[in-house]
Amino acid sequence: MRIGLVGARGYVGAELMALLAEHPALTLAYAASRQGVGEPVVGAPGLTMQALTPETVAGWQADAVVLALPNDLSRTYVPSLAADTVIVDLSADHRFDPAWVYGLPERGRAAIVGARRIANPGCYATGMQLGLGPLLGLLDGAPQVFGISGYSGAGTTPSPRNDPERLRDNIVPYALVGHLHAREVSHQLGRAVHFTPHVAGFFRGISLTIAATLTRPETPASLLARFNEAYADEPLVAVGAEIPEVALAAGRHGVSIGGFATEGHRAVLVVTLDNLLKGAATQALQNLNLALGSDEGLGVPTFDATAVG
């Protein structure tokens, strides 16, 4: 299967190219970027970088195209692609569009199989949904989520949120209400979720501390059992009793959930993941596999479940 990648020189594009280079059934046939036009594409012998324009993409004979672009740009490329081309959009442009399938396999695998328009979830949103999913029947009110991301989550375009000097020995809160991923998660779960994001001086990884009021008291052991049952057949979700640490998330292809604590009706847990992998590129590969008829895990490196004790 021939894959095209729009936005190949970004952080997520680079991760996806590395995964495609080792994939036994998918090959990177086209790549476009604002930078490096005409230069050889690393890991794809004979392939050169093309200009980042809808006209360029319109000429591709690809089975699937991944749009690894900033928000508000991806939608301008969709009309250039044939209706039968699989499109996986990593931006937020189509996450609220009912004509697109929401691509979180662990919560909607069946709908992704054979789909032609797939909206890849946001990185924070992936961790929040997997951390809250098993609690949906127990939630009383809106859960509160405190999130910290490495600065790669702000992309490659220079900004205060990816400036290493500003972030040195620092943590910066932002979008304290109305964050896009809070709206995304609330939309997908069908209930309000309150989220306060922060960025820190490490490069990659996300840590989410989720606090929720439950309709009945639970124990750490009962929550651990509940999550183990929910994700028993999910190879990219690791559940454990210990608190997962964000340093262990970097470079790993799954989500770690642990640190279950309770106090009466209150429950707290921690979720970690790599924002560039399961938060973006690895998930895109899962979605490509499902849409193109391959095994979902084909080409996905084994997730090391020891990320959770």
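Residues are numbered from 1 along each chain as its sequence is written, and side-chain values use heavy atoms, with hydrogens and water left out. Because the model is predicted, local features need pLDDT of at least 70 and side-chain atom pairs count only at pLDDT 80 or more, while totals for chains, interfaces and linings use all residues.

Ten salt bridges are found in the structure (a side-chain nitrogen of Lys or Arg within 4 Å of a carboxyl oxygen of Asp or Glu). One of them joins Glu184 and Arg95, at 3.1 Å from N to O. Glu184 belongs to helix α6 and Arg95 to the loop between β5 (86-89) and β6 (101-102), so the pair ties together parts that are 89 residues apart in sequence. Helices (H or I, at least four residues) and strands (E, at least two) are DSSP runs, numbered from the N terminus. Glu184 is buried, at 1% relative accessibility (buried means under 20% relative accessible area, exposed over 50%, partly exposed in between, with a 1.4 Å probe and protein chains only).

Helix α6 (residues 180-189) also holds His187, which is partly exposed at 45%. Beyond its neighbours within four places in sequence, His187 is in contact with Arg95 and Phe96 (heavy atoms within 4.5 Å).

Turning to helix α8, 16 of its 16 residues are buried, so it is largely enclosed by the rest of the structure. Lys278 pairs with Glu106 in a salt bridge, with the closest N and O atoms 3.0 Å apart. Since Glu106 lies in helix α3 (residues 105-112) and Lys278 in helix α8, this pair ties together parts 172 residues apart in sequence.
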